[in-house]
Amino acid sequence: MSERDEFTWNTMIAAYANSGKLTEAIEVFKETPIKSSISWNSLISGYCRRGMEIEAFGLFWGMQFEGQRPNQYTMGSILRMCSTLGLLQRGKEVHGYVIKTQFESNDYVVTGLVDMYAKCNCIWEAEYLFKMMPDKKNHVMWTAMIAGYSQNGEAFKAIECHRDMVVEGVESNQFTFPSVLTACAAVQAANFGSQVHSCIVRSGFEANAFVQTALVDMYAKCRDLGSAMIILEKMEVDDVVSWNSMIVGCVRQGCEEEALLSFQKMHARGMKLDNFTYPSVLNCFASMKDMKNAMSVHSLIVKTGFQGYKLVNNALVDMYAKQGNLDCALRVFNHMPNKDVVSWTSLVTGYAHNDRHEEALKLFCDMRMAGIYPDHIVLASVLSSCTELTMAEFGQQVHANLVKSGLQSSKSVDNSLVAMYAKCGCIEDASRVFSSMQSQDVITWTALIVGHAQNGKGKDSVRLYEQMIATGTKPDFITFIGLLFACSHAGLLESGRSYFASMESVYGIKPGPEHYACMIDLLGRAGKLVEAEKLLNQMDVEPDAAVWKALLAACRVHRNLELGERAAKNLFELEPTNAVPYIMLSNMYSAAGKWEDAAQIRRMMKSRGISKEPGCSWVKINSKVHSFMSEDRSHPRTAEIYSKIDEMMLLIKEAGYVPDMSFALHNTDEEGKELGLAYHSEKLAIAFGLLTVPQGAPVRIFKNLRVCGDCHTAMKYISSVFHRHIILRDSNCFHHFKDGQCSCGDYW
């Protein structure tokens, strides 16, 4: 080997290093009689290409120890490795060496530094170096800066940088154009993207595959699917990335059929589908509810060997869950070898959205047991399930874990917390979360407005609505439901009329059946049955069951039998198995002395197999639910409960309580009626609550039906005599009993 010159030795080192045979390269390097900077650079470059950080830096420092001064190519190789591997600290060490050796004005080295800082998410450092360079910068440096801006979410700066590049007279190339097009896509700058497209045509890069792919992606994300498809069809070689961009663009715009058509073309052309193609296609089925074709694609996934890819499996779980096919979603989930937060979130959210709230919460507990930390999406879904199940304690635990985890909260989670606390009767906690938020949107305001209304604080709802309007937040469809509900349950007749009129005249919101139901309830409670009937007849939409129920309830209170018959008969058609309208009409006939008509209604109920839903109240103690029916004696602590009832009734009578016999059974004597009232399910539940809930803690009771008037009166006395805060959730709203008063103001 001694007859070989320096050039031959260096060529052999470079050949071995470039081909990845680093062991052979180092052996030749050791045998080389004269180790020049070229020898060192070839070896360092080889290690850098393979990402071998320790070896590459060992050679970099060893080179200097041996008396060889690294040059721009040495530092270029090292900086490229730092960029690729995200080695910020190592890159800073090289930067220090660059300053020390006065390479800071070298275009090649500074370009490497700009690229390194940008790819290590230090865009401001990259920008500083870029701006500190002399006016004349080459196209490589411009491209590195544009790419850095684009990759770091600074799309507008990337666009501005490209404009400056053009002004400077520097030509863009096949590496510059994709970066600026990516920036255009990120902010949907369609006009600037079209201008860049013109530059591409003039520069002769229109046929470049990378540029074409970026153009398809830009047009698709800018909602110009026609232009994206034209470029896609012009491509000489079918590129799976471009077709994937097209499918994603179609899905984002709700063009599911076009997305599936593109997928079919890919399949027909024999293109090699990848693990990004399938998730986009599965997203189509999530919204189309096309189970047959969805399963066909699932079969294709298995056939092409993509069933082991996490990204594809996550999309399958999400698709099946959104279609309501939770069995298939669970089956795919259980077969996944590795599950991440997206996998769990898709399944938990699917169960929550399909009203399987208990299973959703159980899955969330399993997720935490598996060591997976939740994200904002799953937290919002879990809190929604807590809301539906009125599980305040579980929701509080989720909130506490969120705070302890240090995870930054989000608007969706905060909104879910406000709604959860409000709908679980913890209105003070809801208000605290609301006040702690940096900004509130219409969803936040609406959750609090509805929450106050449901907790018997209708006037506070109106006050909050006025505050919302003062902030410039516009109400939506749901806001007005909560607002009109508040007016109805607070007896705010004039305010309700005014807000209802403003819906269409001020905000352009067409009232729905829910708004009409609230208005008819408001008018009915105020005894304005003629106005309520007139409003009913003027409705632009078909009245639903809620509208007729509101009217029937008003007719029962104000004894308008004729209008009540009309409401009840419509309810018989809309909800033929609901016993409530039958019973209400029967009671109205009885009150009017029409005994035969009342008997006829009850015979009709019997012939149709309709029975009244029995009243049931329950209280949750230490995560266990204790339920009670009227005169129930099945509880293990029955003796204690009935003893507490006797004590309770004695004390509240001394305080002034008088049983309301109109709510008692009519076929018993006076003593029997009084005992029957005392043993209503609500009173049994409160007796048990007084025995078990610690003093100072609120007693929370739930009832499946509307609380009866006698129990409502008794609860007020109990709250005063026993100095307890009682929260009763019936089928209508929350009642907060405290110091002998109810939050509903006896207007429920």
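Glu-654 counts as exposed because its relative accessibility is 62%, where exposed means over 50% relative accessible area, buried under 20% and partly exposed in between, with a 1.4 Å probe and protein chains only. Glu-654 lies in helix α37, residues 638-654, and its C-alpha atom is separated by 9.6 Å from that of Val-721, 67 residues apart along the chain. Helices here are DSSP runs of H or I with at least four residues, numbered from the N terminus.

This is a predicted model, in which local features need pLDDT of at least 70 and side-chain atom pairs count only at pLDDT 80 or more, while totals for chains, interfaces and linings use all residues. Residues are numbered from 1 along each chain as its sequence is written, and side-chain values use heavy atoms, with hydrogens and water left out.

In helix α26, residues 427-436, the residues Ile-427, Ala-430, Val-433 and Phe-434 are buried. They cover an arc of only 120° around the axis, judged by the directions from the helix axis to the C-beta atoms, which means that they sit on the same side of α26. The face turned away from that buried side carries the exposed residues Arg-432, Ser-435 and Ser-436. Among what covers the buried residues of α26 are α24, α25 and α27.

A nonpolar core is a set of buried Ala, Val, Leu, Ile, Met, Phe, Trp, Tyr and Cys residues joined through side-chain atoms within 4.5 Å.

| Core | Size | Residues named |
|---|---|---|
| Largest nonpolar core | 207 residues | Ile-78, Tyr-278, Val-382 and Leu-551, with the most contacts inside it |
| Second, separate core | 33 residues | including Val-619, Ile-686, Cys-742 and Cys-744 |

How values were computed:
Helices (H or I, at least four residues) and strands (E, at least two) are DSSP runs, numbered from the N terminus. Contact means heavy atoms within 4.5 Å.
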